[in-house]
Amino acid sequence: MILDVMNLKKCLTNVFLLTLAMLTTASGGFVGVNIGTDVSDLPAASNVVAILKAHQITHIRLYDADTHLLQALSNTSIEVIVGVTNEEVLRIGESPSAAAAWINKNVLAYVPSTNITAIAVGSEVLSTIPNVAPVLVPAMNSLHKALVAANLNFRVKVSTPHSMDIIPKPFPPSTATFNSSWNSTMVQLLQFLKNTNSSFMLNAYPYYGYTKGDGIFPIEYALFKPLPSVKQIVDPNTLFHYNSMFDAMVDAAYYSIDALDFSDIPVVVTETGWPSLGGSNEPDATVGNAETYNNNLIRRVLNDSGPPSQVNMPISAYIYELFNEDKRNGPISEKNWGIFYANGSAIYPLSLSTSGQINGTSASVFCVAKDGADSDKLQAGLNYACGQGGANCAAIQQGQPCYLPNNVKSHASFAFNDYYQKTHSTGGTCDFDGTATITTRDPSYGSCIYTGSSNSSGGGMSLAPTALGPSSPSKASLNMQMCSLQYLISVVGAFLALVVASNGNNTVPQK
């Protein structure tokens with residue numbers, strides 16, 4: 001009897017954990033953002049996180065495991081993909097102990113306070129460093145085993161981002177296959193993803209599909225714009241209509257996976273976007289096209305549907321990228337994929353949901369003096385802001401609402417913020433010789449209202465930040481979650497009742 005109770009308790013525990021996992025993952029597609037760091041004036045990690053929080057960016061991908069960013073992301077709940085750099089793949093693929101050390105240093109050191117949910121092993125390894133391909137899957141396996149040893153394999157998934165170049169002929173999607181020279185590696189990789197319930201990571205760029213397509217496809221197709229009936233893009237084999245090149249690229253990946261006899265492996269787009277500036281030979285890299293592409297991408301992802309062949313598999317996508325990376329090599333467009341300037345202002349308006357936009361500023365970002373900043377530097381910054389900087393410093397004069405407390409730090413904070421709110425859309429920064437920092441906490445107090453505060457009656461922005469992530473779940477998704485929740489409650493009740501009963505049965509009678 002005791003053995004049966006123990007087995008039943010174990011079974012119910014497993015059902016409980018499975019149901020909990022189903023409940024926490026029952027959501028649609030989301031929009032995340034990549035964070036590259038080849039930026040001359042890259043903000044401090046705390047300021048980067050302030051920008052993410054101000055705009056409710058809920059998912060990010062890092063190209064490495066930057067200590068400062070991972071620490072700054074602690075207790076934010078932002079979901080993070082950390083990256084194994086291409087330079088690290090070979091060593092990890094050849095040495096399980098190196099993989100374990102990498103997990104200890106770059107994952108275990110931060111979870112659970114930093115919400116790391118995936119590891120991207122290299123970036124486009126098969127396309128960029130093909131000589132390392134033989135150890136790519138071994139590297140993934142070794143990292144996964146290290147996660148298993150740390151009991152993190154259900155929380156942190158392992159995958160590797162692929163370029164569209166591994167699919168030589170992506171259109172029509174129904175005939176797409178991976179480059180046959182990679183078949184052996186791809187079979188191993190897909191088997192790994194299947195075994196570990198991980199996603200296939202794809203970098204899909206309609207910008208390149210269009211600009212390198214020699215006019216085969218109209219630009220409207222690349223930008224998610226409606227096409228007239230005479231220009232409809234149709235797969236001749238399935239008769240599926242494709243409203244965007246993005247959907248066709250994702251479907252090409254699904255068909256390529258299917259061609260190797262695998263299924264039910266979700267595709268997540270780890271990079272996509274459009275450059276806002278290019279050289280004379282890059283006429284399609286414009287602010288207007290970048291704004292159109294990313295706004296339409298967000299709307300596309302938030303409708304929670306998949307591509308034509310997988311309509312029930314919502315697509316999640318990470319925009320490339322948070323900031324323009326001016327230190328990158330290559331054409332001008334390569335440096336101009338960002339959606340924000342380094343000072344946190346938007347390069348162009350983004351409609352992140354049906355309720356609002358990101359414009360040139362955000363009501364939730366303020367510039368204030370740092371704690372412990374040098375008083376002489378603060379005074380110099382205060383003098384600059386109220387003088388040459390053009391800040392309105394009337395409120396910190398004697399007898400005015402922000403005069404008290406009468407100290408340089410308080411006065412500098414008000415002046416720094418007024419300067420920043422007025423100038424950051426045209427390149428003004430929150431630095432002041434290292435004495436200032438960005439914060440999402442409104443520093444207003446009493447009748448002292450800071451510029452940009454939602455409490456301000458005039459002049460400041462009053463636009464609340466909108467979610468760069470999933471919109472409210474669909475009715476079907478909500479029903480599924482409610483059903484799962486009810487089931488979970490019943491399972492918990494049964495589990496607790498069983499525990500109480502078994503504990504009562506196992507109690508030694510007192511003499």
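Here are some questions and answers about a predicted model of a protein chain.

Residues are numbered from 1 along each chain as its sequence is written. In this predicted model, local features need pLDDT of at least 70 and side-chain atom pairs count only at pLDDT 80 or more, while totals for chains, interfaces and linings use all residues, and side-chain values use heavy atoms, with hydrogens and water left out.

Q: How many helices and strands does the protein chain have?
A: There are 15 helices and 15 strands. Helices here are DSSP runs of H or I with at least four residues, strands are runs of E with at least two, and both are numbered from the N terminus.

Q: Why is N47 called buried?
A: Buried means under 20% relative accessible area, exposed means over 50%, and partly exposed is in between (1.4 Å probe, protein chains only). N47 comes in at 8%, so it counts as buried. You'll find N47 in helix α2, residues 45-54.

Q: What does N47 touch beyond its neighbours within four places in sequence?
A: N47 is in contact (heavy atoms within 4.5 Å) with T437 and I438. A polar atom of the N47 side chain also sits 3.0 Å from the backbone nitrogen of I438.

Q: Why does T451 count as buried?
A: Its relative accessible area is 18%, so T451 is buried. T451 belongs to the loop between β15 (436-439) and α15 (475-506).

Q: What makes the pair T451 and D418 a polar contact?
A: A polar contact is a pair of N or O atoms within 3.5 Å; within protein, one must be able to donate a hydrogen and the other to accept it, and residues adjacent in sequence count only if both atoms are side-chain atoms. The side chains of T451 and D418 are joined at 2.6 Å. Leaving out residues up to four places away in sequence, T451 touches F366, N417, D418 and Q421.

Q: Why is α7 called roughly parallel to α8?
A: Helix α7 (residues 136-149) packs against helix α8 (residues 183-196) at about 20°, with axes 9 Å apart. Angles under 35 degrees count as roughly parallel, over 145 as roughly antiparallel, 65 to 115 as roughly perpendicular and the rest as oblique, so α7 is roughly parallel to α8.

Q: Which residues make the contact between α7 and α8?
A: From α7 come L136, V137, M140, N141 and H144, and from α8 come T185, Q188, L189, F192, L193 and T196.

Note on methods. Axes fitted to C-alpha atoms, helices over the stretch in contact; angles between N-to-C directions.
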